[in-house]
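I am opening a notebook page on a structure that I have not looked at before.

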Amino acid sequence: MTVNKMYAAILLGLCDDIVIVINSESLLIKAASPAAVRWLGYESSQLMQMQITDLECALTDYFFWEDIRNGNRPNLQGIAGLYKLANEEVINVEKSLQTLECDGESLIAIKVRITEEQKTVAEALERNAAVLRATLESTSYGILVCDVDGHIANMNRRFAELWELSDTLLQKGDDKALYAALVAQVVDPQRADEWVVASLGARDRDTFEVFTLHSGRVLEARSQPQIAQDQVIGRVFTVEDVTVRVQAQRDLEAARDKAESASRAKTDFLSHMSHELRTPLNAIIGFAQLGHQDCADLAAHAEYKEKFRIIVSAATHLLNLINEVLNLAQVEAGKIELRIVSLDVKPVVQDCLTLVQSLADKYDVILGIPDLPEQAWVKADGMRLKQMLLNLLSNAIKYNKPKGHVWLSVSACDRGWRFAVIDDGIGISISDQAKLFGEFSRVGRKQWQVEGTGIGLAFSRKLAQLMQGELGVTSAPEQGSCFWIELPKGDVQQFEGLDAVSLKTELALPVCTVLYIEDDAFSRKLIETALRRRPELTVLSAESGRKGIALAREKHPDLIISDHHIGDISGYEVLAQLAADPATRSIPMLMLSAGGSAEEHQQALQAGFRRYLNKPVQLPLLFRAIAELVYPRLP
Ligand code: ADP
């Protein structure tokens with residue numbers, strides 16, 4: 001380069017304007033200022049291979065430069081023209097021309113000024129693009145944009161970070177290599193492959209998939225069409241790292257499973273324990289009751305009578321506690337099976353009132369005549385409804401005062417039927433009402449004098465809710481309380497069950513033989529003793545299933561009462577073997593079990609037992625069942 005040319009190049013480099021120097025004969029660009037490279041968007045080396053007519057593209061420019069080539073050398077100032085940029089955009093400019101001679105070469109220096117208006121638009125576009133880019137880079141989502149053919153058009157840094165793509169790979173710009181690197185990280189590459197192909201072909205639909213990577217991370221991927229002027233011009237893939245969220249969810253599920261299995265274990269333990277405890281307790285209560293009765297007429301035995309009474313009372317309390325704890329554990333574990341049927345409320349209510357009469361006598365509380373509509377049927381589990389009503393009635397009696405009153409009424413309500421147990425007893429303050437339904441919650445001054453566990457109301461409310469109903473209270477201290485249960489309406493039916501029969505009726509029994517099969521010695525002795533009090537009955541007993549079957553074949557009893565679990569074989573097996581033998585097939589069987597669940601009850605009846613009774617059995621119920629099951633066999 002000669003000294004002149006060198007100076008010219010230095011000067012051009014310092015120039016802040018767009019200056020282009022061309023050879024006036026070939027029209028080839030010889031030099032361009034840095035501003036020209038920046039604004040026009042071509043590489044400097046590219047420009048050096050272009051003619052000025054590649055940039056100045058108006059028709060007038062073509063004729064103008066033809067003139068120049070033919071020797072015309074004008075010096076012009078501020079003429080308008082059009083320039084084509086590297087991105088194919090055409091902009092308005094103002095240009096000035098200066099002819100030069102340098103080392104014998106005829107040159108023309110063109111100074112180009114982009115009009116202010118054009119500059120503002122370009123700058124605004126540049127600003128927008130920068131904002132857009134910054135937004136894309138500041139999001140926590142990885143973003144990748146493909147054109148309609150699936151070629152990668154763009155991606156943000158977060159995408160490369162999420163997929164741990166190396167710089168070398170990114171610089172290569174090889175779509176296939178990049179795509180292979182993504183798929184290789186996924187645990188199920190085939191599914192990933194299929195999803196990408198399906199997404200690229202999805203046109204205007206969105207797609208979604210979750211990928212687990214070999215590294216253990218979990219990525220959520222979505223794809224949406226990229227639309228410009230109503231045309232799908234490509235597809236945008238967004239990726240989010242959801243590892244922490246998924247892990248938290250998994251931890252939560254694991255904790256829930258653990259809690260559920262702990263709760264199941266607790267319920268199983270309680271149910272097993274309570275079964276073990278109930279059998280001897282039933283024997284204690286039964287024998288103490290018999291002892292109490294035996295002492296009844298003998299003044300000399302008054303002291304023993306009191307002792308028997310205390311045993312019965314303490315053991316009954318213990319039995320109630322065991323039953324209530326088990327009930328609550330079962331309801332909490334969702335293990336309570338309800339047998340919801342349409343029930344006539346009248347016999348249920350009357351039964352309950354009969355059952356609490358002795359408690360009312362004990363507390364010197366008067367039970368009012370119930371206010372019952374003629375036809376009221378509810379959808380409920382009969383046994384559980386009784387349990388709830390007995391809880392409310394016994395509370396109304398226990399938390400009362402001498403000569404106090406308790407009324408039970410049934411009336412229609414929006415939900416169906418409303419049972420109200422009203423008392424004029426000690427009442428409950430507003431603050432105590434808020435605590436009433438908590439487990440083991442006992443309130444008010446009487447809690448220290450009256451026996452209770454604080455579980456009944458919590459359990460009863462849960463039961464009511466399980467039956468699509470509700471249980472609530474209104475109360476005022478020293479005035480009394482109204483505890484209510486609302487249950488859905490049932491369908492009116494035409495028969496009356498055993499529940500309708502008053503338990504107090506002294507029944508005449510047929511002269512018959514009853515065989516009782518029970519492995520627990522206390523329970524066996526208890527029922528034997530109780531049955532032997534009725535002179536009409538001849539009682540046989542067996543301590544195992546097999547002995548029971550042998551005795552049944554030998555003696556042909558009129559009725560067999562069997563426990564569920566009898567050491568060697570179950571009550572069901574006894575039933576099956578006797579039913580298979582024509583000689584014993586017609587002997588009715590009754591199951592007497594401590595299980596007590598609605599499911600077990602149902603199962604026993606389905607298997608062929610004619611009745612199912614719960615331990616501790618109420619003797620009137622047992623006698624009633626004997627009467628009903630044996631009479632039909634008489635000629
Ligand atoms: P328990 O009667 O075994 O203590 P409950 O859950 O049935 O348990 O009742 C919880 C508490 O509610 C009782 O301890 C008692 O303080 C209070 N309560 C229940 N019913 C009445 C009532 N009718 N009048 C006054 N207090 C009552």
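**Ligand contacts**

I began with the side chain of N395, where an N or O atom lies 2.8 Å from an oxygen atom of the ligand; I keep in mind that this is a predicted model. I then looked up Y399, whose side chain also has an N or O atom 2.8 Å from an oxygen atom of the ligand. How much of the ligand does the protein bury? I found that the ligand taken alone exposes 530 Å², of which 98% is buried by the protein.

**The shell**

I counted 21 residues around the ligand, and the closest are N395, R442, V443, T453 and L457. By kind, I sorted the shell into nine nonpolar, nine polar and three charged residues. Which element gives the most to this shell? I found that α14 does, with four residues, and that the elements giving two or more are α14 (382-398), α16 (456-466) and β17 (480-488).

**The sheet**

I next followed an open sheet of five strands, which run in the order β2-β1-β5-β4-β3 with antiparallel pairing. At its edges I noted β2 (29-32) and β3 (79-84), each of which pairs on one side only.

Conventions. Residues numbered from 1 in each chain as written. Predicted model: local features only at pLDDT ≥ 70, side-chain atom pairs only at ≥ 80, totals over all residues. Heavy atoms only, no water. Pairing = 2+ DSSP bridges. Near = heavy atom within 4 Å. Polar contact = N/O pair within 3.5 Å; in protein donor to acceptor, adjacent residues only side chain to side chain. Areas by Shrake-Rupley, 256 points an atom, 1.4 Å probe, with all protein chains shown as cover. Nonpolar A, V, L, I, M, F, W, Y, C, P; charged D, E, K, R; others polar.
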